[in-house]
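Please report on the salt bridges of this chain and on the surroundings of one of its strand residues. Keep it short.

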Amino acid sequence: MPKLAGVNHLNAVRALEKHGFRIARQGKHIVMTDGTRIVTVPRHNPVNAITMANIVRDAEITNGWVKKGHSTLVDKYNVPFFQCGRAIGA
């Protein structure tokens with residue numbers, strides 16, 4: 001199986017902001033919240049694809065959200081990190 005490409009942490013933050021998350025605090029990691037959920041994005045490049053998949057899972061971003069045109073990460077990275085580990089919404 002080919003190695004999955006990582007994700008730039010700034011792209012991950014932008015995509016989460018489009019989903020309604022805002023930056024709560026920053027340091028070695030960027031902590032984001034939407035009022036009910038809290039996710040942490042490591043501030044290094046690239047963010048491992050499996051780590052990014054776990055962030056998406058924790059943010060409870062569903063396949064429906066990805067398909068409705070908010071696919072910043074999917075378009076740029078051709079979906080592989082959404083297909084590894086656990087399925088979104090599972």
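## Contacts of a strand residue

Val-39 touches Leu-16, Phe-21, Ile-30, Val-31, Met-32, Ile-55, Asp-58 and Ala-59, leaving aside residues up to four places away in sequence. A contact here means heavy atoms within 4.5 Å. The model is predicted: local features need pLDDT of at least 70, side-chain atom pairs count only at pLDDT 80 or more, and totals for chains, interfaces and linings use all residues. Residues are numbered from 1 along each chain as its sequence is written, and side-chain values use heavy atoms, with hydrogens and water left out.

Val-39 lies in strand β3. Helices (H or I, at least four residues) and strands (E, at least two) are DSSP runs, numbered from the N terminus. Is Val-39 buried or exposed? Val-39 is buried, at a relative accessible area of 2%. Buried means under 20% relative accessible area, exposed over 50%, and partly exposed in between (1.4 Å probe, protein chains only).

## Salt bridges

A salt bridge is a side-chain nitrogen of Lys or Arg within 4 Å of a carboxyl oxygen of Asp or Glu. By this rule there are three salt bridges.

| Salt bridge | N to O distance |
|---|---|
| Asp-34 and Arg-37 | 2.3 Å |
| Arg-37 and Glu-60 | 3.1 Å |
| Asp-58 and Arg-57 | 3.0 Å |

The pair Arg-37 and Glu-60 links distant parts of the chain, 23 residues apart. Arg-37 sits in the loop between β2 (29–33) and β3 (38–42). Glu-60 sits in the loop between α2 (49–58) and α3 (63–67). Salt bridges join Asp-34, Arg-37 and Glu-60 in a network. Asp-34 is partly exposed, with a relative accessible area of 25%.

Asp-58, which also touches Val-39, pairs with Arg-57. Asp-58 is partly exposed at 40% relative accessibility. Arg-57 is partly exposed too, at 24%.

## The chain as a whole

The chain has four helices and three strands. From the N terminus, the elements run α-β-β-β-α-α-α. Buried residues make up 37% of the 90 residues. Of the contacts with a separation of 6 or more, 48% are between residues 24 or more positions apart. The chain exposes about 5,600 Å², and carbon and sulfur atoms supply 51% of that area. Accessible areas come from the Shrake-Rupley method with a 1.4 Å probe; for residues, only the protein chains shown count as cover.
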